[in-house]
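Subject: Handing over the structure

Hello,

Here is the structure I promised to pass on to you. Please have a look at it first, and then read my notes below.

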Amino acid sequence: MLLLLAACSSTGDKAKRPQAVSDTHRAASLDAVAPDPRDTDIWQRMRAGFAMDMPDDPQIDVELRWYLDHPLFLENAWARGSRYLFHILNEIERRGLPTELALLPVVESAFQPHAVSRSNAVGLWQFLSETGRDYGLQQTAWVDQRRDIIDSTRAALDYLAALGRQFNGDWTLALAAYNGGPGYVSRMCESNRSRGRGAGFMDLPLRDETRCYVPKLLALRKLVENPGRYGVTLPDIPNEPYFTAVDVEGPIRLDLLAAVENLRPDDIRALNAGFHRGSTPPGGPHRLLVPVDVADEARRQIAALPRETLPLPAVTQSPDLPQRRVQWRRHTVQPGETLTGVAQRYRVSIAALRQANGLHTGTLKSGQDLMIPVAYAADARPGPKRGCDGERVLHRVAAGDTLWSIARRYQVEPGRITACNPGLSGAALAVGKTVSVYRPAEVTAVADATRHRRETYTVRAGDTAWRIAQNLGVSIDQLQRWNNGLRTQSLKPGDRLTVIRNGG
C-alpha cells in the first residue's frame, strides 16, 4: 500500500547546502538523556524546551483552525508518533535544540516512516535522496535509512542544527530553509537586503508552500502549549522509551519475529521501516528495533535460531561475507505457477514471499522475478507437512474458541489445523495457547479483498488533496487511482471522492 505524500518536503534549492556535521552524533545511544523521574508528562517536558520566537503571523491561526477542524488527523499522527516521540525528544534535548522540532514530523509526514512525497522525499523527516546521502543515510537495494527512526532522526537534527547556525539562530528562517532549501532562503534574504528591506521570515516573499510551512509547526506548538484553551485533550504518551535495539549477528528475516508473543506485526514494520526486503541487510546494520516490553523475549527467540554459516548468493553482491539465518535466491515465475506453489517449492511462507517482493495479491505473472528468502539450510530440511503451507497466522485461543470456530474464522478445514499443531485436539484448546493456522494464498487474497470497504468523502472549504490524504490516512496516489486520475489542483467544496478503506 502506498503511503501518503507530505506537502512540506525538502524540495527546494540545494545548491548551498551546509556541510554535514561530523560523525560525533552517529553512535549516540537510544536513551542518551535520562528524563527527570519527576517528569511524568512528556508534553510538559516538551513545553519546558520551547524556545522559538512566535511571530505575529495570522497564518498561524489559519493553520491552528485546520488542526482543530480535523481532529482525526492529529489523533492518527499522535498514535503513530507515540512510538518515536520519546527518542526524538531525547535527541533534541541532548543537542540543546528547541523542542518544537519534535513536532516537525507531524508537519512533514504525520509520523509515517513510509511516507513518500511527490518529489520523492522519504520518511518521518522527508529526506530527498541527495540530502540524505549528504547526512550519511544509506540508500541501497536492502535498506533506506531515510525511513529508519534512529538514523533519520540523527540526520534530520544534524541538518537542522547546521541550518540554525547558518541563519544565526533564527529558527523561522532555518525551518523555511529545511522546507525550501537553504540556497533559496539565503537568496531571498540577500535580495531583500539589497533593496533596503528586512530579512526576517515575515519580510521574505517566499513561495506559498514554504510560507505556510513554519506557521504549521508554530500552530502545533500553540496547541501543545495550551490544549485546554482549544478544547483539545492530548494523548497520554509515556515519558519512557517505547523501543530498544536488539543486536543480531547477521541478516535475519523480520517475519521470524512473529513468534515473539505480544509483538504486533505493525510494531515490527513501523520500527524497522528502513529494511525493505523483509530482512536486515548482509552488510548491516545488524540490529532490530522492538518495543521495550518484548525485548528480552525477542533476544531469546533470536538466540534460539540455528547458527550455521551459509554461503551468500551472488545477488547480495557481497560474496565474501558469511550469512546467518537467511539466504536470498532469485526465482523467475514460469507459466502456470502460483504463489502457493513457489512457497511450497522453496519451503517458505506466503507472508515471507509477499513481504520480500511487495506483493498485495496471490497472482503471479509469467516471467516475473521473485526474491526468495530461504531460512536456515532449507534444502536439508523436509518439506512442509501436507496442509501446512501458505500464509502462517498465529491465533491465540480465547475463551469460547473451538477447533471448528477457529477453522471457520480462517476459512480452512479443522484437519488442516490439527495436522500443523502436533498434539492439538479440541480438548487441548487452553485459553492463551498459540495455534498456527496456514491459509493458501488464494484464500488470503479473497479474505483481504472482503475487508475493503468503499466510502465517500465530501470536499470541504479549505481542503487540499494532501490534507484530505493526511486526514484519511491514505496517499494522493490512492485518491487519484480510486477517482479515475483525479486532478488534485481542481478540487472544489462539495466534490465527492471515493475512498477504499484498507485497500491498496
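**What I found**

Helix α12 (residues 295-303) holds both D296 and R299, which sit three residues apart, about one turn of the helix. Helices here are DSSP runs (H or I, at least four residues), numbered from the N terminus. As background, an α-helix has 3.6 residues a turn, so residues three or four places apart point the same way. The side chains of D296 and R299 form a salt bridge at 3.3 Å, N to O; the term means a side-chain nitrogen of Lys or Arg within 4 Å of a carboxyl oxygen of Asp or Glu. R299 is partly exposed, at 36% relative accessibility (buried is under 20% relative accessible area, exposed over 50%, partly exposed in between, with a 1.4 Å probe and protein chains only).

Before going on, a word on the source: this is a predicted model, where local features need pLDDT of at least 70 and side-chain atom pairs count only at pLDDT 80 or more, while totals for chains, interfaces and linings use all residues. Residues are numbered from 1 along each chain as its sequence is written, and side-chain values use heavy atoms, leaving out hydrogens and water.

How many salt bridges does the structure hold? There are 21 salt bridges. One of them joins the side chains of R221 and E100 at 2.6 Å, N to O. R221 belongs to helix α10 and E100 to the loop between α4 (85-95) and α5 (104-109), so this pair ties together parts 121 residues apart in sequence. R221 counts as buried at 11% relative accessibility, and E100 counts as buried at 0%. Another salt bridge links D144 and R147 at 3.5 Å, N to O. D144 is buried at 5% relative accessible area, and R147 is buried at 17%.

Helix α10 (residues 208-225) also packs with helix α2 (residues 58-69), at an angle of about 60° and with the axes 8 Å apart. Those axes are lines fitted to C-alpha atoms over the stretch in contact, and angles run from 0 to 180 degrees between N-to-C directions. Among the residues meeting there are I60, L64 and L68 in α2 and P215, L218 and L223 in α10, contact being heavy atoms within 4.5 Å.

Finally, the buried residues of α9 pack against α7 (149-166), α8 (171-180) and α10. They include Y184, V185 and M188. After α9 comes G196, with a positive phi near 75°.

Best wishes

Key. Helices (H or I, at least four residues) and strands (E, at least two) are DSSP runs, numbered from the N terminus.
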